[in-house]
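This report covers a model with its sequence, and takes up domains, chain contacts, helix packing and some individual residues in turn. Please read it alongside the structure shown here.

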Amino acid sequence: MNDFPPWKVWMLTALLVIGVLLSIPSLLTEEQRAYIPDFLPQPSINLGLDLSGGVHILLEAQTDEFQEQRIQTLSDRIEDAMEDDGPTIEIGSLSRSTGAVRFTVRDEAQLDDAMERVRALTQPVGFTGQRDFSVENEDSLQIVVTPTETGNTEAVNIAVNTATEVVRTRIDELGTREPTIIRQGDERIVVQVPGLDSPESLMALLGRTASLEFRLVNYEADPNMALACQAPIGSEAMPYADQLDGTGCVIVQRRVMVSGDQLVNAQQGFDQRTGQVTVNLTFNGVGGREFGRVTQENVGRPFAILLDGEVLSAPNINEPILGGNAQISGSFSVQSANELAIALRSGRLPIELAVIENRTVGPELGGDSIRWGGIAGLVATVAVMTFMFITYGRFGIYANIALGLNLFLILAIMALLDATLTLPGIAGFVLTVGAAVDANVLINERIREEQRRGRKVIDAVQTGYKEASRAIFDANITNFIGGVLMFSFGSGPVRGFAVVLVIGIITSVFTAVTITRMMVAVWIKSKRPKELNV
Amino acid sequence: MMRLLKLVPDSTNIQFLKWRNIAIILSIILTVASIALTATRGLNFGVDFAGGQMIQVTFTQDEAAPIAELREDIDALGVEGASIQRFGDPNQVSIRMRVTEGAGDDPALASAVSTRVTQMIESEHEGARIDAVDSVSGKVSGELFQAGALALGLAMVAISLYIWLRFEWQFGIGALFALFHDVALTFGFFALTQLEFNLNIVAALLTIIGYSLNDTIVVYDRIRENLRKYRKMEIVPLLDLSINETLARTVMTSLTMAIALAVLIIVGPDVLFGFTVAMLLGVFIGTYSSVYMASPILIWLNVGPDTFVPEETNPSGQKVHKEGYGR
């Protein structure tokens, strides 16, 4: 047992002391932590949402609609390009079916020019020289514009990146503390807001695209078409947001007068005369001038205020709206107007997001979980320790010291790795208590056995540790495999469990084998016992 | 000196494997019954795997939750197929709504349902506190299910491969069968009791796999040691000897695990109930399977004293076992 020279004992002791010290900040409350001088490192464990209370939301970008929209936009731009980019090119049978834009050029002499104008609308993607749409000439006069795979991926990628930023801005505007917003994979965004117990307003805010448009109403259209929600070419039939306002749709021009992209501010307010709740808008220079110009030209005619493809209202233009300020009203409550203002201020989502998973835990339930989980952990530890003591005496005490140190070390390592403690993680702690002593049980039983075979104290202890180590090692490796797989495939709570389990496996081999062996070695060296009561 | 507790007498000589045939028949019947039960009756999947919503409410001002009233209110909202159950204390309920057909693909609609129900509860019942809301769309629950199944399958295979690597192929097969038995029986238990099967239970299953293997490895390690030590001993008594020699440890460890888990069942949070019950069950099944599944399989796979002796080719071209290997 002389393989523990004093320097090794001191080194291991120092390591354990550091480990225990590093776990202390995690056990203190925030107020208590404030007393620790700032120059000391104070890593502390993060509490999962199931313990701290809060909202977890998984958002998924709706790519199908997004791609349809891209094709729609492209086809609009093609129409514009044929009219405006030089001498007008007559085109016909424009269609947007099966994910591509097709049209025919009437005059064959203009075919090359038409191809050139469409190509000018496409963008290069990446460094490979590929473009986002491929333009081809099929069947003599027909031009087919198809989105490319790389173009699609890149467009979604950019849109989801921007959407992540918009989501971040919106949540910051809510004034919550320490939200986590992470992009996950190609199409998803994870939002975690601790301490927020009403997910409804958050979900309403994130699920809203907030695409605001002002368009002129096509007042010449047949009212019957409006009732049937049909629109003539160049116009669109839009439904009312609030069905009580009337039945049917409003027929609006395709061309957008001013959009939410040109806003510099949006605030909730009240109408001076009616006292109605409103959202007050301030446009930037370009937007304000454009708004002024169009309203000046269309006095007496109606225009429509559209939010996410629905008509909020369609008032008449009584006088030109100059100065770049506007006010929109609908059936808002103060809260919903506030939410809309936040959404408009933080900008339009370039791609629609849907909530595909939502998990909310109230702060009371989280607090309960910590309390009862903690009590369970304490009771289990005391029970197991008592049991170990009455079974193995002195060696049981060594195992118990190791077990206690093990729990502190797990906390310290989790704090250093910035890992999150969840409710299943607490269960992981309790389970580690039961499992960590297994190594000591194996060792101690083996020492008993070797003594029965007539070995002397030192020999029995040495053989016991040596023979038991093999099984301890193999058993922990298999548990480790299980834990790592759990971490890689698990989500949320399961990962929290796996983290504690895997760290606990590593630390328990250290404390239950190396540290107890050190304690036994020191004891044997100083007392030189003639017999051993294990 | 203090008299120490000995749960198992010093030298036991129980002939465990005398009953190996009865045990294996029992195990096969239980495994088949568990699989059949799981297939016919199905598992009570939680929102994690089935999708839908779960809302937990505490009625802080009531002695008992007004379940009947709540049911009428939810029906009045037009939410179909909601099930309301007491959960934990008498004034706590959990409301479970399944993904309705057709609406399953529309995530926005799904979350709107839970919003409507929570708003109704908050306005209709004074002192009602929403403790938790889980809303999982069909898409996400499908992914979680796949990941869970994959983790379970991979864990079983990876661990068996490791055993093969560290021991011999017979031991790997023995371990795999023991694991399969443990997992099947746990599934059977959940099909029988209809306790909620959720993500936590997958974590419990993976832990059961790990710890059931602990026992198997300890026994296997002793078998390997004894195979080298007693070259002339018959395999059945040798296995019995190995199991007896490790019996004290098996009993001790199972007990410490059981103590920790029992405490967690009694005082731990209600959310963890299914998880801990599964694990407690796993401790017992795992201990049983390492004695009666993992060990007898070695007999049927002809494990003997020569299993750990490498083969070499002698000058006449025959494969023989190396002389004087082992002790």
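## Domains of chain B

In this predicted model, chain B is divided into domain 1, made up of residues 16-44 together with 141-300, and domain 2, which covers residues 52-136. The centres of domain 1 of chain B and domain 2 of chain B, taken over C-alpha atoms, are separated by 38 Å.

## Contact between the chains

The contact draws 64 residues from chain A and 63 residues from chain B. On the side of chain A that touches chain B, at least two residues each are supplied by α7 (199-206), β20 (353-361), α11 (363-392), α13 (423-452), α14 (457-489) and α15 (492-527) of chain A. Of these elements, α11(A) gives the most, with 16 residues. Sorted by class, this side of chain A has 38 nonpolar, 15 polar and 11 charged residues.

## A helix pair in chain B

Two packed helices are described by the angle between their axes and the distance between the axes. For helix α7 (residues 199-229) of chain B and helix α8 (residues 235-245) of chain B, the axes come within 9 Å and cross at roughly 130°, and α7(B) and α8(B) are therefore oblique to each other. The crossing of α7(B) and α8(B) is right-handed.

From α7(B), the contact is made by B:Val219, B:Arg222, B:Ile223, B:Asn226 and B:Leu227, and from α8(B) by B:Leu238, B:Leu239, B:Leu241, B:Ser242, B:Ile243 and B:Glu245. By class, the contact of α7(B) with α8(B) has seven nonpolar, two polar and two charged residues.

## B:Thr276 and its surroundings

B:Thr276 is found in helix α10 (residues 273-300) of chain B, and B:Thr276 counts as buried because 24 other C-beta atoms lie within 10 Å. Leaving aside residues up to four places away in sequence, B:Thr276 touches A:Ala427 of chain A as well as B:Leu261, B:Leu264, B:Ile265 and B:Gly268 of chain B. B:Thr276 and B:Leu213 are 63 residues apart in sequence and, from C-alpha to C-alpha, 18 Å apart in space.

## Positive phi in two loops

Most residues other than glycine have a negative phi. A:Asp308, however, has a positive phi near 50°; A:Asp308 is found in the loop between β17 (303-307) and β18 (310-313) of chain A, and with 17 C-beta neighbours inside 10 Å it counts as partly exposed.

B:Gln194, which is not a glycine, has a positive phi of about 55° and lies in the loop between α6 (169-193) and β6 (196-197) of chain B. B:Gln194 is exposed, with 11 other C-beta atoms within 10 Å.

Terms used. Residues are numbered from 1 along each chain as its sequence is written. Chains are lettered from A and ligands numbered from 1 in the order in which they are written. This is a predicted model: local features need pLDDT of at least 70, side-chain atom pairs count only at pLDDT 80 or more; totals for chains, interfaces and linings use all residues. Axes are lines fitted to C-alpha atoms, for helices over the stretch in contact, and angles run from 0 to 180 degrees between N-to-C directions. Helices (H or I, at least four residues) and strands (E, at least two) are DSSP runs, numbered from the N terminus. Angles under 35 degrees count as roughly parallel, over 145 as roughly antiparallel, 65 to 115 as roughly perpendicular and the rest as oblique. A crossing is left-handed if the near helix is turned anticlockwise from the far one by less than a right angle, and right-handed if clockwise. Two residues are in contact if their C-beta atoms, placed from the backbone, lie within 7 Å. Ala, Val, Leu, Ile, Met, Phe, Trp, Tyr, Cys and Pro count as nonpolar, Asp, Glu, Lys and Arg as charged, and the others, Gly among them, as polar. A residue is buried if 20 or more other C-beta atoms lie within 10 Å of its own, exposed if 12 or fewer, and partly exposed in between; C-beta atoms are placed from the backbone. Domain bounds come from an automatic or database domain assignment.
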